[in-house]
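Subject: Structure handover

Hello,

Here is the structure I promised to pass on. Please open it first, then read the notes below.

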Amino acid sequence: KWSFTLKKASIQLGSSARIKHTLFRIKKVPVFYLPYVVVPTEKKKRSSGFMIPSTGNSNNKGRRLSQAFYMVLGESADVTVHQDYFSERGFGHGFEFRTRPNSATTLQLDGYLLDDKKGQGGASLNALGETHFANGFRGVADFNLVSNFLFRQVFSDNFFTATQPTELSRVFLTKNFQSRSINVLLSREETLFPGRNAVIRS
């Protein structure tokens, strides 16, 4: 169903493939052209670089152009920074940071910021982390913060987050014994309004 053609390629096993004038096709219809592409051929887990740009169209936000840059931060961390342009809204800036510093700990952060031309902009920050301590305790943090509900309605990626009017942030610590367990939970639930948000439970 898809294929690509190229004019010239220089392939070195264990190094990289340098491809010139690549044309990507779907059912023999040309849809994307790249004048120069470098693809690693070595046995390497990850490498930094620009990702393939994407585009789309929306009745609400207009034409979208997106470009992302992926950067490796050592063997246990990486970050992706992306820029979006919406013809009806303006520029959006986002990032996603992931790390696994050891076998017992993971952390993922992602955020997005947009100064909207129509006054529906805002910012969001999500965090999910987990660690297992040496004494048997397990800690988890799950944060979902957004500046206002209208921003999430307009720029959310899925129906569930676009329609849910609450944000719940939690931190908990737990340890199980043979016949009992210890659990400590700190939570903050916030209701989102077009104006100011209201904390309904903490």
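Contacts across the sequence come first. Take the contacts in the chain with a separation of 6 or more: 32% of them are between residues 24 or more positions apart. Contact here means heavy atoms within 4.5 Å.

Some ground rules. This is a predicted model, in which local features need pLDDT of at least 70, side-chain atom pairs count only at pLDDT 80 or more, and totals for chains, interfaces and linings use all residues. Residues are numbered from 1 along each chain as its sequence is written, and side-chain values use heavy atoms, with hydrogens and water left out.

The overall picture

The chain has two helices and 15 strands. Both are DSSP runs numbered from the N terminus: helices are H or I with at least four residues, strands are E with at least two. The C-alpha trace spans about 65 × 45 × 30 Å along its principal axes. The radius of gyration of the chain is 22 Å, whereas a compact globule of 202 residues would have one near 17 Å. That radius is taken over C-alpha atoms, and the globule rule is 2.2 Å times the number of residues to the power 0.38.

Of the 202 residues, 26% count as buried. Buried means under 20% relative accessible area, exposed means over 50%, and partly exposed lies in between (1.4 Å probe, protein chains only). The accessible surface comes to about 13900 Å², and carbon and sulfur atoms hold 58% of that. Areas come from the Shrake-Rupley method with a 1.4 Å probe; for residues, only the protein chains shown count as cover.

The chain carries 28 positive and 15 negative side chains. The centres of the two sets lie 9 Å apart. Lys and Arg count as positive, Asp and Glu as negative; His and the chain ends are not counted. Each charge is placed at NZ of Lys, CZ of Arg, CG of Asp or CD of Glu.

His 21 is not a glycine, yet its phi is positive, at about 55°. His 21 sits in strand β3, residues 16-26. His 21 is partly exposed, at 37% relative accessible area.

Lys 27 also has a positive phi, near 50°, and is a residue other than glycine. Lys 27 lies in the loop between β3 and β4 (29-40). Lys 27 is exposed, with a relative accessible area of 63%.

Around β10

Ser 103 lies in the loop between β9 (90-102) and β10 (105-114). Ser 103 counts as exposed, at 67% relative accessibility. Ser 103 and His 132 are 29 residues apart in sequence, and their C-alpha atoms are 9.0 Å apart in space.

Thr 105 is in strand β10. Thr 105 is buried, at 17% relative accessible area. Its side chain makes a polar contact of 2.8 Å with the side chain of Thr 131. A polar contact is a pair of N or O atoms within 3.5 Å; within protein, one must be able to donate a hydrogen and the other to accept it, and residues adjacent in sequence count only if both atoms are side-chain atoms. Not counting residues up to four places away in sequence, Thr 105 touches Thr 99, Arg 100, Glu 130 and Thr 131.

A buried serine

Ser 169 lies in strand β13, residues 166-176. Ser 169 is buried, at 8% relative accessible area. A polar atom of the Ser 169 side chain lies 3.3 Å from the backbone nitrogen of Asn 144. Beyond its neighbours within four places in sequence, the contacts of Ser 169 include Asp 142, Phe 143, Leu 186 and Arg 188.

Best wishes
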